[in-house]
Amino acid sequence: MTETTPVDPAVRRRNRIALVALVLIFVLPFLGAGVLNLIGWRPAHTIQHGILLQPPLDLTGVSLHRADGSDYPYAPQERRWHIVVVPTADCAAQCVDLIHGIEKVWRLQGRRAERLHVLWFGALPEGATPFRNLIPMRPDPAVLDRLPELARSGPPSVYLIDSFGFLAMRYPPGVDVADLRADIAKLLK
């Protein structure tokens with residue numbers, strides 16, 4: 001028969017503490033993430049600035065027409081996103097500022113700028129400087145009636161349509177173009 005040496009209680013306690021500490025090192029990050037998720041905290045760089053539409057509105061069945069009457073087709077193979085702007089009757093100076101701001105957003109996309117079209121549903125305001133991807137569109141009621149929370153006065157309504165023709169996001173009237181730029185930069189990556 002072999003005799004076993006009794007384990008010192010202090011050594012046993014130290015080993016148990018080490019085991020519990022090792023388990024906590026691996027479990028606590030998951031518990032912390034779960035708690036943060038339950039209270040709704042998200043890192044700032046993962047939050048979109050626009051209001052995400054759930055579910056997105058399918059606009060593929062609606063024909064879009066340029067101001068000159070020609071069709072504007074969706075081209076999913078080009079992975080092109082669309083900023084949709086619906087000006088109000090009284091937005092004059094605000095619309096000029098918005099066009100200027102959206103042009104900056106467009107230019108800041110660099111080589112990805114060709115994948116971003118700005119569809120302006122209405123007449124361009126006096127004093128606005130058009131740019132290459134600013135496309136005046138015919139304000140068709142079949143399209144405008146489907147847009148949620150369309151502004152009737154004041155600053156224009158702004159929306160984002162994905163490359164497949166789904167209305168994905170809307171922005172409150174008077175949107176800060178810096179917020180729009182941040183969202184667009186994430187989407188065009």
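Buried, in these notes, means under 20% relative accessible area. I'm working from a predicted model, so I keep that in mind throughout.

**Helix α2**

I started with α2, residues 92-107. I listed its buried residues: C95, L98, I99, G101, I102, E103, V105 and W106. Then I looked up what they pack against, and got the strands β4, β5, β6 and β7, plus helix α4. I also checked the length of α2: its 16 residues should span 22 Å at 1.5 Å a residue, and the end C-alpha atoms are 23 Å apart, so the two agree.

**H82**

Next I picked a residue from β4, the strand that covers residues 81-86, and settled on H82. Is H82 buried or exposed? It is buried, because its relative accessibility is 1% and the cut-off is under 20%. Its side chain makes a polar contact with the side chain of Y72, at 3.1 Å. Setting aside sequence neighbours within four places, I noted several contacts of H82, among them Y74, H117, L119 and D162.

**Salt bridges**

How many salt bridges does the structure hold? I found three.

One joins the side chains of R107 and E103, at 2.9 Å from N to O. Both residues sit in α2, four residues apart, which is about one turn of the helix. I noted that R107 is exposed at 53%, whereas E103 is buried at 13%.

Another pairs E114 with R132, with the closest N and O atoms 2.4 Å apart. This pair links distant parts of the chain, 18 residues apart: E114 is in the loop between α2 and β5, and R132 is in the loop between β5 and β6. E114 counts as partly exposed at 40%, and R132 is exposed at 60%.

There is also E149 with R170, where the closest N and O atoms are 2.9 Å apart. Here the partners are 21 residues apart, E149 in the loop between α3 and β7 and R170 in strand β8. E149 is exposed at 57%, while R170 is buried at 10%.

**P148**

Not counting residues up to four places away in sequence, P148 touches L53, L57, Y159, L167 and R170. P148 is partly exposed, with 22% relative accessibility. I also took its distance to A21: 53 Å in space, C-alpha to C-alpha, and 127 residues in sequence.

**Surface patch**

Last, I noted a nonpolar patch on the surface, with about 960 Å² of accessible area together. Its members include L19, V20, F26 and L31. V20 is in helix α1, residues 9-38.

How values were computed. Residues numbered from 1 in each chain as written. Predicted model: local features only at pLDDT ≥ 70, side-chain atom pairs only at ≥ 80, totals over all residues. Heavy atoms only, no water. Helix = DSSP H or I, 4+ residues; strand = E, 2+ residues; numbered from the N terminus. Buried < 20%, exposed > 50% of the residue type's maximum accessible area, 1.4 Å probe, protein only. Polar contact = N/O pair within 3.5 Å; in protein donor to acceptor, adjacent residues only side chain to side chain. Contact = heavy atoms within 4.5 Å. Patch = residues over 30% accessible without salt bridge, like charges linked within 9 Å, V, L, I, M, F, W, Y side chains within 5 Å. Areas by Shrake-Rupley, 256 points an atom, 1.4 Å probe, with all protein chains shown as cover. Salt bridge = Lys/Arg side-chain N within 4 Å of Asp/Glu carboxyl O. Expected span 1.5 Å × (residues − 1).
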